[in-house]
Amino acid sequence: MAYSPMMQQYLQIKQDYQNHILMFRMGDFYEMFFDDALLASKDLDIALTAREGGGGEKVPMCGVPHHAAQSYIARLIEKGRRVVICEQIGDPKQAKGLVRREVTRIVTPGTVMEGQCLDDKNNNYLVAVLAEEQGCGLALADISTGLFKATQFTGSSAYNELIDELYRLQPAELLLPRSYQGVLTKMLAGMTNVLLTVIDDELFNIESARNIMERQFNGDWLHTGIERFVYGLRAAGVILFYLTDTQKRSLQQMKSPRIYNTNQYMKIDAVSRRNLELTSSIKEGMRWGTLIWVLDYTSTAMGGRLLKQWIEQPLLDTVLIEQRLDVVEELLNNLLLRAQLKDALKQVYDLERLAGRVAYGSANARDLLALRKSFDVLPEIKSLMANAHTEFLVKLIENIDDMSDINKLLLQALEDEPPLQVRDGGIIKDGYHPEVDRLRAALRNGKDWLAQLETEERQKTGIRSLKVGYNKVFGYYLEITKANLTQVPDYFIRKQTLANAERFITNQLKEYEDMIIGAEDRLAQLEFQIFNDIKSIVTGNLRRIQSTGSNLAVLDVLVSLAEAAERGNFVRPIVNTNKKINISDGRHPVVERVLKAGNFVPNDTYMDEHSSFVLLTGPNMAGKSTYMRQVALIILMAQMGSFVPASAAEIGMVDYIFTRIGAADDLAGGRSTFMVEMSECRDIVNHATANSLIIMDEVGRGTSTYDGISIARALVEYIHAEIKARTLFSTHYHELTDLEALPGVVNYTVSVHEENDEIIFLRKVLPGKVDKSYGIQVARLAGLPDKILDRAQDVLQQMEIISNGKRAAAEFQGEKGDSSPAVDINALCANCSDKYLTGELKKINVLQITPLEAMNLIYQWSEQSKKESWRLAGLKE
């Protein structure tokens, strides 16, 4: 098919972007063709049409208005698409022949700068990784804020640490070497909404990374220390390469890469993050019902993002923890100051992302206005904090720049209500630029002249309906109804005929039209130029704005933690490096908030070197899991620098939190519930240290009773003897409670009140143990039919008889030192008067029979006894 020149141009550009949707600028629209049109029309729910492509054939087409393109791009990105923006270069009016077009930007989930794809309180991470035998590297960037960081992992656990960090970051887009795709894709099967982008392996080399760093940051990057993190540097180089390749412009908003070491923070693996519901609930994946939902009273988007980071990365440095706690305490005790700061911070826009858009070149006048309004409130914030006592707070306020010089510029230059489109004029204030003032005066005079012309021509012609009008096609004109055409003078020049009127121009009107329209065009161009000059000045002060935004975010988070402490009745914890965990009246922060005030039952926790392993028993629904989770959350809150839900708390530093809670299979990975459980246990015993906190909930329940008890007991013994970590271990295997004989192992139970075969959960954790699980009572509470419950009670009693019989037989055999089961059976049946039953019992080896086999035999004996009774009574069945 012989395509038209325009379609050939489209296809030539499309050749390089086969896996992208190409948005092709044509006048006021972005058009999409062929398969792109089919996909986009469906994703965007817009009309699919067709266009003449050449040779008389039509090709599929759909389009969106250029002024509304951002919302459509955002929707495509949400669908996981990559979008290529192809713009018209130069003025189409002055183009001879085909308009030149070039790709100006590629938008992917990890490179979004604006629009509805960005969540105010979440970073939008683009992450690059490499995993080799000697070590793993990771780099992350948020192009919207300029954040750029790198790290690396070495040693036997490097790969697992890399995966855990990826689960923490939840990137929007992941860059990985082409050769690693299969391995990492399998490992990341549980992650949602991440776009995997493969990069050629050769781009992950150290020399490429150094070269691109030098081009982007000159020598500044050398001062960051990233050269010591070779794997991290290689990943960071790929991030920069990808951003440069897709964005087609200067990346001035990107900060020099900062190295970080995950060993500076408490480690929380992916399973534990999910189980503890730190920032996302297990069921719905929402913020409601999570720890961040309890703690987030931030007033700014910047603060919201930073709070999430603090929750996900609790500290291991007691000095830094105490600094945060000092500020929270001061703000908690000063209600008026806290309220004033919250009110002031609410007036601060997202400085990090606003500055990013200015440097990127996508900011409009309203973005600069938002910067100005934010700068307006900075002197007030600094003034409010003038009497701060905490050293950390004093330094924080010192590092907040009031941006007075930039604010003055924006105040003088920008209109208070500028239009959305920067090329339409109306942006620059009167009095800021003399040429702008002159052109505006000319326009005002010209329009005054037009009004005067209309009056004069009405008087000259006597046509009272004569009026001056304007449209983009014909410019200014004089419109006269057909009824008055006989009165039109000779110097009127006919321009257009309508159904009920005709339009005319005069030589004088044409001269003024050229002057007015010329002035409008020159004014719009001049205002756009001045606006760009102002953006350049703001961009030159980018690092000041970013630094001020970062410091305001810290202040916002600390104010939020103080607010949460007051609302939740939290107390300041003592955080040290010993092994003690001493929590008085501890409460689960999320469950307590969901329940009505006063309904949550608090519990104490005490663990030290002499009682480091808690065996927790109690019925289902009694609160064992809630109790264990609240201990983990209190420790995590303390180490992030937050007050905690308790009446008092002393926390010995924890380096790693592990949780094995709940049951779930992995169908995609071909793993059963029990296999998943054992895999999680393997990770715990392989990575936990003596300073870790381990939470295990009913380990072993996914297999047979004896296997489960065996595995659970072996785990307890191994953790106690080999790892020596502080551990909370809940179980329904009451056989494990005799492990209290081991030094440091203590039994606790969640108490219940039993009355008339019903139970009341008291939710109180006390020293001691239980010897029953109250499963049938819990089933009754759940509303199971009585017929099922009665049958379950019968089965339970039969199984207990069998179990007790086995135990007695084993004990008897042990006393006799004889392995013959016949001796045991004779002893058990000595007083049995039923000869048939006695004979049947003597046939059984009770040490080998299973509970199910025993239940079947009991049923058979019962039926046989009935038949014998009927026979003796002379009755038929």
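**Terms and their grounds**

Analyst: In this predicted model, E502 belongs to strand β17, residues 501-505.

User: Why is E502 called buried?

Analyst: The relative accessible area of E502 is 9%. Buried means under 20%, so E502 with its 9% is buried.

User: What makes the pair E502 and R494 a polar contact?

Analyst: The side chains of E502 and R494 are joined at 2.3 Å, and the cut-off for such a pair of N or O atoms is within 3.5 Å. R494 is also among the residues in contact with E502 beyond four places in sequence, a list including L478, I480 and L485.

User: How do you know that the span of helix α17 agrees with its number of residues?

Analyst: Helix α17 (residues 434-461) has 28 residues and should span 40 Å at 1.5 Å a residue; its end C-alpha atoms are 40 Å apart, so the two agree.

User: Which elements do the buried residues of α17 pack against?

Analyst: They pack against β14 (467-471), β15 (475-481) and α18 (507-540). Among the buried residues of α17 are W449, L450 and L453. Just after α17, G462 has a positive phi of about 75°.

User: Where do K248 and N569 lie?

Analyst: K248 lies in the loop between α7 (230-247) and β12 (258-259), and N569 in the loop between α19 (542-568) and β18 (574-576). Phi is positive in K248, near 60°, and in N569, near 55°.

Notes
Residues are numbered from 1 along each chain as its sequence is written. This is a predicted model: local features need pLDDT of at least 70, side-chain atom pairs count only at pLDDT 80 or more; totals for chains, interfaces and linings use all residues. Side-chain values use heavy atoms; hydrogens and water are left out. Helices (H or I, at least four residues) and strands (E, at least two) are DSSP runs, numbered from the N terminus. Buried means under 20% relative accessible area, exposed over 50%, partly exposed in between (1.4 Å probe, protein chains only). A polar contact is a pair of N or O atoms within 3.5 Å; within protein, one must be able to donate a hydrogen and the other to accept it, and residues adjacent in sequence count only if both atoms are side-chain atoms. Contact means heavy atoms within 4.5 Å. The expected span of a helix is 1.5 Å times one less than its number of residues.
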